[in-house]
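This report goes through the side-chain contacts, cores and strand pairings of one model, with the cut-off behind each term. Please keep the sequence and the coordinates at hand while reading.

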Amino acid sequence: MGPMLSTQAISCGVLSLCFSFLSNAERRSSFMKWLCTFLKGSKPGEPNQRRPRITAGGEEEDTLWQPPVRPKNDPPRNDNEELDRAIAESLAEDVKPPKERNHKGDSNDEDLARAIQDSLNMNPYTPYNPYAPSQAQPRGHRVCRRCKHEIGHGHYLSCMGIYWHPQCFRCCSCGHPIRETEFTLLGTDPYHKLCYKELHHPKCDVCLQFIPTNRSGLIEYRAHPFWGQKYCPLHEQDRTPRCCSCEKMEPRNTKYMSLGDGRSLCMECLGSAVMDTGECQPLYHSIRDYYEGMYMKLDQQIPMLLVERQALNEAMEGESKGPHHMPETRGLCLSEEQTVSSILRRPRIGGNRLLDMRTQPQKLTRRCEVTAILVLYGLPRLLTGSILAHELMHGWLRLKGYRNLNAEVEEGICQVMSYLWLESEILPASSRHAPSSSYASSSSSSYPPTSSKKGGISHTEKKLGEFFMHQIANDTSTAYGDGFRTAYAAVNKYGLRQTLNHIRLTGGFPV
């Protein structure tokens, strides 16, 4: 009843003002007619005024609307025009006979009483808007996006049809209020601009800064195809060290190990790196056993040496047979007599450098088709093993009389043996390729030998092995890449034994 009383008080105030004017002209019937019309409301086509809207809390909430636009050809109407006319007509009534005046006065009094009653019964909650056919939306339509409560009177924030209490307008990342004039809206969630940038703007994994935009305003960066490491394009020209094994770039908050020959090694790869010839011997013998397990035994003892980068490059220059994998050759199957300097003892680590590297020259004499196998030192165990498996296949082909093979065939089948050995090291037996069963029907196992490392391998080493397999499978060179993919398809279709027999007879892969 409170809101109704408030409205009635406003209406009654108008009435009391009007009655004070009528006290001197109660017989002016024309003015009474005008007053009745005023109390009942506007005539059709005339603009309504602002009506107060009273809430349950006793406060007024004005509903605003625009009045109709008066045609340009209508002359402006004086605000007191109707009042003047009513007064003039009322004065004219004084000259009429008393009977006629009393009769009309009684009728006007009844109209006035009816108008007053209608005015008191007006609904205060329904503002009239000539431009809106539907009712005004209730306040409950505005619900705070954060607290889910109705937004009442007072200040609120709105953006794209979403509402918040001022105290609820907070960053969805840091939780602090957003007071800046600019912010970022992700869906319906607001963020500080800097918080949004921290969450969604890519950062360089090398310099650890936000990747800048290019001249077109686009974010441009490089990403490693396997590791997904993102970095600014400029790091490809600013001499940022890159791991010679896994190819990851050195982050600014990490130091790679310098091997002293222009190569760097990350800490993950350093953990399983093979550093001298003696340390590599067990791995070499396990790969020979792998070949024997696949009925590809090497009858001759082929020497294996771990060498520095310079020694490997010098040996490659003296070797007439090719091709060699560029830009970095990591292994070599020698067929010529040479003197090679091998690493005798594992170097000592001092800070981020290797110290006390001891080498020993060794003369290699040719006793068979293969003189020796050379492998670059300082590489992780799985990478060193895959190189040994590849070079041993070169030796096996030469010892078994596979001569004059083109580079795509020979390098392709050697890459297959490297890939299969890696697969045996990192994958469970149930998910491996099984070429041995097709090579010899008397094989007691349908799978190649299991991992040569006692106790299994770590997750980091397994991930490295997967990367080395990825490198082999996605090599873009003709001899090593296309050759591998053609050889691998043949081995999968016909088996390793039939593929090798076909190579011996035809010099190519079966199709």
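The model is predicted, so local features need pLDDT of at least 70 and side-chain atom pairs count only at pLDDT 80 or more, while totals for chains, interfaces and linings use all residues. Residues are numbered from 1 along each chain as its sequence is written, and side-chain values use heavy atoms, with hydrogens and water left out.

**Salt bridges**

The side chains of Arg348 and Asp356 meet in a salt bridge, a term that stands for a side-chain nitrogen of Lys or Arg within 4 Å of a carboxyl oxygen of Asp or Glu. The structure holds 16 such salt bridges, and three of them are set out below.

| Pair | N to O distance | Relative accessibility |
|---|---|---|
| Arg252 and Asp238 | 3.6 Å | Arg252 46%, Asp238 30% |
| Asp482 and Arg485 | 3.0 Å | Asp482 32%, Arg485 35% |

Arg252 and Asp238 form a salt bridge with their closest N and O atoms 3.6 Å apart. Both Arg252 and Asp238 are placed in the loop between strand 8 (230–231) and strand 9 (257–258), 14 residues apart; helices (H or I, at least four residues) and strands (E, at least two) are DSSP runs, numbered from the N terminus. Asp482 and Arg485, by contrast in setting, both lie in helix 13 (residues 478–494), where their spacing of 3 residues is about one turn of the helix. Salt bridges with shared partners also join Glu220, Arg222 and Glu236 into one network.

**Aromatic rings and charges**

A search of the whole structure finds 13 aromatic pairs, where rings of Phe, Tyr and Trp (its six-membered ring) pair if their centres lie within 6.5 Å, with planes under 30 degrees apart counted as stacked, over 60 as edge-to-face and the rest as tilted. Ring pairs link Phe226, Trp227, Phe467 and Phe468 into a cluster. Trp227 also has a charge over its ring, since the charged end of Lys248 sits 4.2 Å from the ring centre, the criterion being NZ of Lys or CZ of Arg within 6 Å of the ring centre and within 35 degrees of the ring normal. Arg263 lies in a like manner over the face of Tyr377, at 5.2 Å from the ring centre.

**Nonpolar cores**

Of the 82 residues in the largest nonpolar core, Met296, Leu374, Leu388, Met393, Ile413 and Leu500 touch the most other members; such a core is a set of buried Ala, Val, Leu, Ile, Met, Phe, Trp, Tyr and Cys residues joined through side-chain atoms within 4.5 Å. Helix 10 (residues 407–426) contributes the most to this core, with 10 residues. A second, separate core has 12 residues, among them Ile162, Cys168, Cys171 and Tyr191.

**Strands around strand 18**

In a regular strand the side chains alternate between the two faces of the sheet. Strand 13 (residues 331–334) is covered on both faces, with Gly331 and Cys333 buried on one side and Leu332 and Leu334 buried on the other. Strand 12 (residues 304–307) is likewise covered on both faces, with Met304 and Leu306 buried on one side and Leu305 and Val307 on the other.

Strand 13 pairs with strand 18 (residues 372–376) in the antiparallel sense over 4 bridges, whereas strand 12 pairs with strand 18 in the parallel sense over 4 bridges; two strands pair if DSSP finds at least two bridges between them. Ile373 in strand 18 is the bridge partner of Cys333, and Ile373 is also the bridge partner of Met304.

**Cysteines**

How many disulfides does the structure hold? The count is 0, with a disulfide taken as a pair of cysteine sulfur atoms within 2.5 Å. For Cys204 the closest cysteine sulfur belongs to Cys207 and is 3.6 Å away, which is too far for a bond. Cys204 is buried at 1% relative accessibility, and Cys280 is buried at 0%.

Definitions and conventions. Buried means under 20% relative accessible area, exposed over 50%, partly exposed in between (1.4 Å probe, protein chains only).
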